[in-house]
Each structure stands twice: as C-alpha cells, then as structure tokens.
Amino acid sequence: MSLFDAAPGLQDNAPRPLAERMRPETLDGYVGQEHILGPGKPLRVQIEKDRLTSIILWGPPGVGKTTLASLVARQTKCAFIPFSAVLSGIKEIKGVMVEAERNRRQGLRTVLFVDEIHRFNKAQQDAFLPYVERGDIILIGATTENPSFEVISALLSRSKVYALRALTLEELVLLLRRALPVVGIEAEDDLLEQIGAYAGGDARTAYNILEIAAAASESGKLERQAVEDAVERKMLLYDKGGEEHFNLVSALHKSVRSSDPDAALYWLARMLEAGEDRMYLARRLVRMAVEDVGLADPRAAEQAIACMQTVHFLGVPEGDQALAQAAVYLAVAPKSDAGYRALNAAREFVRNNAAFPVPMHLRNAPTRAMKEWGYSKGYEHAHANAAGLTGMDCLPDGMEGIKFYEPSARGTEARIKDRLEEIRKWVAEQRSSEPDASKP
C-alpha cells in the first residue's frame, strides 16, 4: 500500500488537478509508507498519542510528503500553515510566526509545513529556530534532497528525519484504480500498469497522466493511444543538480568497477534517457579507466579518451553508442587500482613528513659553480648501461626502501609486476656488489 487513497467525499468535479482531489481526509485513507506509518511504527505512535515533534520528511517527488503533513495536523488537531521555500523569504517567515504565536496564546498548536525546505539558505532556516525551541510551531519540513547536506544542523538536532519511499508499481496501480470513478472512465489493468511504469514511483505524475489520457479517451474506456500520447517520454527520477544524480553516477562507476557490463549499461541508459550531459559521462569514464582499470589494461585510458573525442565529434544521439562501448570495455577489462593507491600513499607520505631535499646527484648542473658545489655528482645515465638500468637511488636520504607502487597480478599489470621484480632484483644485486664507502 502506498500514498494517496481516494477518500470519501473527494469524488467531485471540482476543477482542481486530480492529484489534489485524490488527497485523503484521514490518516487511515493514506496508503503506504508502512515502514513509518504501520501499526506500532514510530511516526504512527507519535501521531496517535498526540506527541508530535518537529520532523523532516525526506523522499522523492510525489510520495505524499505534503499530504502526510496536512493529515498529521488534522489528526493532532493543530492549525496547519503551508509554506513554500520557493516563494517565501525571512519577511514572510516572520509574518507566519506572528500567526503561530497568536494561535499559541489561544491554546492552539500550529504545524508549519515548509515545502522544499532545502531551498532555504542558512539564514532563513535559522529564522525558524527560536520558534521551534519555544514550541510556537511544530515544524514539518519536506525535502527531496539529503537533509544531512541541505538542512542546518541546529534544525536537524531538533527534528526527527523520516525517509519516505518511492511508490511501487502495485501501489500506483491501486491508486489509479481508485481514481477511475473520479475521472469517470474505465480502464484495463495493463494500461494502469503502463501509466505506473511511466510515473516511476511518483503518484502525482501517475494522476496527471491518467487525467490527460482520460480526457482524450472518447469511448468511456481508457484508450492505449491516449495513454501513449499523454506520455511523450518516460518520466525518470533524476535531478542533475540533486542527490539522485550522484546516486546514479555512483551506481554506474561501481558497476564498472565490479565488472558488471549489464548493470553499467542500465545505469548509463538511465542517465542518457534523463538528458545527462554526454561530456560529463565521458569524463567519468576516463576517470574509471585510470582509477579502476589502470595498468591492468593501459589501453583502457586510450579507449576512454577516444570515447570522449567521439562523443564530442558526433554529438547526440550517435555519440551515445561510444559511451556504451566504453562502459562495456571498462567493465570487462581487468581491474587494478594499484596506481591509484600508490599515488594516495605517496601524497599521504608527503603530507605527513618533512620535505626531503633533492639528492645532489639528481640535480641539474647548468653552471660551472653548481658543478663545483656537487650538483649532479654521482649521477648514472641509464642508457650508458647495457641493461638500461642503474643502481642509483632516486629517493632522498631517509626514504631508502620505501615502496609506494605494488602492482597487481591482473591483466597487463601482471607483466609489469614481473618486470618490476626483475628491476628491483638487478638493482639490489648491483648495490650489494658495490664497495661500502663507509668501510676503510
């Protein structure tokens, strides 16, 4: 079960959007979010015992945040003041607080519902604090963004965060079926399922599609063509500036890292269909190539750069195939993050230690004076040796023996590992055969 249930008395012909007409009038009519509203669940207990405190409702669009807030106010016999963060500022906040204080003096509690609270800046959110602390208002904030990042800590510490879930297909079909008498039409379940799939967990979107399709269906039954016309393209949960954007990018990256090309293609397709910037995706693939494939397949970076150039050259939609090809290549390539870890280790060492001077034998000596001072003295030119190697230590004094890069045994890096072991063995032998300058 999930979200807006068709409550008695709402089946009228008022010229309001269907989603508005379908809002329930009682908490029992609210369908879904059983993890917080089921019997014995925390929010349900708070409401039933009339012990409501300030809360933050966090969830995707169309899952009933506004409806739940109004039902909470009605169930707990509180005045309900809706407030939009998009349309209001501190001046409007103060005006609303005057009304809330007036209610308190009359013995009436006020639920202040702030829609899209994440759009308020810090100063605006701070303006609520004294009223929340004094008990003038019970704040219910609604947000589609992670409140840990978008709501100030002072408000978070005084509020309980409840995460609302996107509606399932079954829940959406149930809601649509209950809305059929309101729009005066009959419909087959498969069409309702099609609308539910298009809506992507968003009840408001589902209701809007049904209302448009019902108006275009002249036979008294919902027509397939009307549904398809009402949905020009699939409505995907995606906000290029919000958390879901980063969730999908993370899913793509981790699917490639886990060598799952099918999952990588799914998450890539999600972002392509949502209109993601193609060059952003190309840059992410380049990052995956150097961070997760690395020297296990040195050609991965070449493929990713070629993908970026192809996307830039071809544009949309032809360049999308290059993104898919690169994603599959990277997913099936052998993986190594040895280079990534090596750089992190080297940077950590640099941050936590003094800056060692460059050894004299590694310094250039472009002037006679510098040569006299010992610059470049003792330098060994690798190409002058038949092996193309030297026994010279290129790390500063005090860092002897430190190793940052330890290659894996996967893909091309297995050969690199063997080669590095050969180099290290040869150097060790050369150094052991040199006379100890400290001994007479």
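Here is a short chat about aromatic rings and backbone angles in a predicted model.

Trainee: How many aromatic pairs are there in this one?

Mentor: Ring centres have to lie within 6.5 Å to pair. Going by that rule, the count is six.

Trainee: Take Phe349 and Phe356: is that pair stacked or edge-to-face?

Mentor: Their centres are 6.4 Å apart, with 20° between the planes. Planes under 30 degrees apart count as stacked, and over 60 as edge-to-face. So with 20°, Phe349 and Phe356 are stacked.

Trainee: What sits over the ring of Tyr162?

Mentor: A charge needs to be within 6 Å of the ring centre to count. Here the charged end is 5.7 Å from the centre of the Tyr162 ring, and it belongs to Lys160.

Trainee: And which residue lies over the face of Tyr375?

Mentor: The distance to the ring centre is 5.3 Å in this case. The residue over Tyr375 is Arg363.

Trainee: Where is Glu116, and what is its phi near?

Mentor: Glu116 is in the loop between strand E3 (110-115) and helix H6 (122-126). Most residues other than glycine have a negative phi. Glu116 has a positive one, near 55°.

Trainee: Is Ser376 buried or exposed, or in between?

Mentor: Ser376 is in the loop between helix H20 (368-372) and helix H21 (412-433), and its phi is positive too, near 70°. Its relative accessible area is 29%, so Ser376 counts as partly exposed.

Technical notes. Residues are numbered from 1 along each chain as its sequence is written. This is a predicted model: local features need pLDDT of at least 70, side-chain atom pairs count only at pLDDT 80 or more; totals for chains, interfaces and linings use all residues. Side-chain values use heavy atoms; hydrogens and water are left out. A charge sits over a ring if NZ of Lys or CZ of Arg is within 6 Å of the ring centre and within 35 degrees of the ring normal. Helices (H or I, at least four residues) and strands (E, at least two) are DSSP runs, numbered from the N terminus. Buried means under 20% relative accessible area, exposed over 50%, partly exposed in between (1.4 Å probe, protein chains only).
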